[in-house]
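Take a look at it first, and then we'll go through it piece by piece.

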Amino acid sequence: MTETYRLQDSDIAGQNAKALPALQEDYDALRRRLSRNGADIETITSAVAAFGVALPSWGVGTGGTRFARYPGVGEPRNIFDKLEDCSVINRLTRATPTVSLHFPWDKPSDIKATRQFAEELGLGFDAVNSNTFQDAAGQKLTYKYGSLSNTDAATRAQAVEHNIECIELGKALGSKALTVWVGDGSNFAGQQHFTRALERYLESARAIYAALPADWHMYIEHKLYEPAFYSTVIADWGTNYLAATQLGPKARCLVDLGHHAPNTNIEMIVARLIQFGKLGGFHFNDSKYGDDDLDSGSINPFQLFLIFNELVDAADRGAFDVAPAYMLDQSHNVTDPIESLMSSAMELQRRYAQAMLIDRARLEQAQAENDALMALETLKAAFNTDVAPILGMARHRKGGAIDPIGLYRWSQYRRHKQNERPAAAKQSAGIV
């Protein structure tokens, strides 16, 4: 039997020792620069160290397209392999302490053993995700024409039952939230009665909401299109907000950065949901043309910075009654998923740190005086600040790697897992 390879603390400490002198030099130089503007580097470093984003269990495997999937080497074969890969990301970045599971993909045969294994790896569980956008093995009724809004009452009941099962699984894992996304909609004009479809969705969602424990939240996720291309039942933030409002205080809106039309002002949507007390959280990714599920900040880092500007501003104003939930949701087709997820987690920390550097007084003055250029220059001054020393120091102080991707490659973790996890003979088209 092949012995399981694990990164050791001594590996991290050894590589950090080589990088620390240069990091300390850069950190001290940045400290002096920031202090001239009245910013305290230690306050920002502590905040970055406390920041965490959940990993998607499905994200550690290789994704695919509608046309093909090219498996990666050493891919996880089951929930335990997924958790093992997630633990490596957290060990190195110290920014991903929780994992979000997707059922029935990740439904464990022994849920107690799953939770215990995660705890041994230093991981907890974030929101659980239901899946009614595809048919599971042995499923009685099909979701081909919708799930929670299906015209067939028995199919809707089946979808509701699955979501309630996800809540029960989540309770056993220690989760506190359920994310609901449906692909319900239509592909042809006249195929669906828009009003009745939404009414059916709301009726089903109320049954799910009623099953939520008192200390849970239900995150509703909107999506402009795909797999329904003509109409989608929960297509935009306005419909999302309406649904969450009708359901009750435990229902919140989840913003996936890829689920909008190109060039949509997502940061304003975030501001509106904060203002209305309905921002539940995020699925972080990036896109160029549509719902591309690219690495966070790989296409539009300034947009990500502007979103964190709204989040930091809201936190400063005490606008949150419940802190938003942060999760990555990406598909990695040409990169090592572990490397991409580490890069994305660090990118969120980067934009968070930069948003904390914004001179709020100067920005508010420019806004009050309608000085558009100075307002933009104030934002750009923070965005153009290299905060890499802050991120590296935050990781080092928490026992993570100063250079996570460099250390990961040095460890040859993927080669070890290739030996431990023989490739499956079966290949499938598309993302499933």
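How many cavities of 30 Å³ or more does a search of the whole structure find? The search turns up one. Before we look inside, a word on what you're seeing: this is a predicted model, where local features need pLDDT of at least 70, side-chain atom pairs count only at pLDDT 80 or more, and totals for chains, interfaces and linings use all residues. Residues are numbered from 1 along each chain as its sequence is written, and side-chain values use heavy atoms, with hydrogens and water left out.

Back to the cavity. On a 1 Å grid over the protein atoms alone, a cavity is a set of points where a 1.4 Å probe fits but cannot get out, and lining residues have an atom within 4 Å of a point. The volume is the space filled by probe spheres set on the points, with grid points joined across faces, edges and corners. For the largest cavity, that volume is about 40 Å³. Its lining includes Asp126, Tyr219, Phe282, His283 and Met327. Sorted by type, the lining has seven nonpolar residues, two polar and one charged. Here Ala, Val, Leu, Ile, Met, Phe, Trp, Tyr, Cys and Pro count as nonpolar, Asp, Glu, Lys and Arg as charged, and the others, Gly among them, as polar. Strands β11 (279–284) and β12 (325–328) each supply at least two residues of this lining, and β12 gives the most, with three.

One of the lining residues, His283, is worth a stop. You'll find His283 in strand β11. (Strands are DSSP runs of E, at least two residues, and helices are runs of H or I, at least four, numbered from the N terminus.) With a relative accessible area of 2%, His283 is buried; that label means under 20%, while exposed means over 50% and partly exposed is in between, using a 1.4 Å probe and protein chains only. The side chain of His283 makes a polar contact of 3.3 Å with the side chain of Asp329. A polar contact is a pair of N or O atoms within 3.5 Å; within protein, one must be able to donate a hydrogen and the other to accept it, and residues adjacent in sequence count only if both atoms are side-chain atoms.

Now hop over to Thr132, in the loop between β5 (128–130) and α5 (153–173). Is Thr132 buried or exposed? Thr132 counts as buried because its relative accessibility is 2%. Its side chain is joined to that of Ser147 by a polar contact of 3.0 Å. Leaving out residues up to four places away in sequence, Thr132 also touches others, among them Tyr143, His162 and Trp181, where contact means heavy atoms within 4.5 Å.

Next comes Leu247, in helix α7 (residues 237–247). Leu247 is buried, with a relative accessible area of 10%. Its C-alpha atom is 7.8 Å from that of Leu202, 45 residues apart along the chain. Setting aside neighbours within four places in sequence, Leu247 is in contact with Leu202, Ala205, Arg206, Tyr209, Met218 and Ile220.

Finally, let's zoom out. The chain has 15 helices and 12 strands. Its radius of gyration is 22 Å, close to the 22 Å that the globule rule gives for 432 residues, so the chain is as compact as a globular protein of that length. (The radius is taken over C-alpha atoms, and the rule is 2.2 Å times the number of residues to the power 0.38.) Buried residues make up 53% of the chain.

Notes:
1 Å grid on protein atoms, 1.4 Å probe; cavity = no way out; pocket = protein on both sides within 12 Å on 5 of 7 lines; lining within 4 Å.
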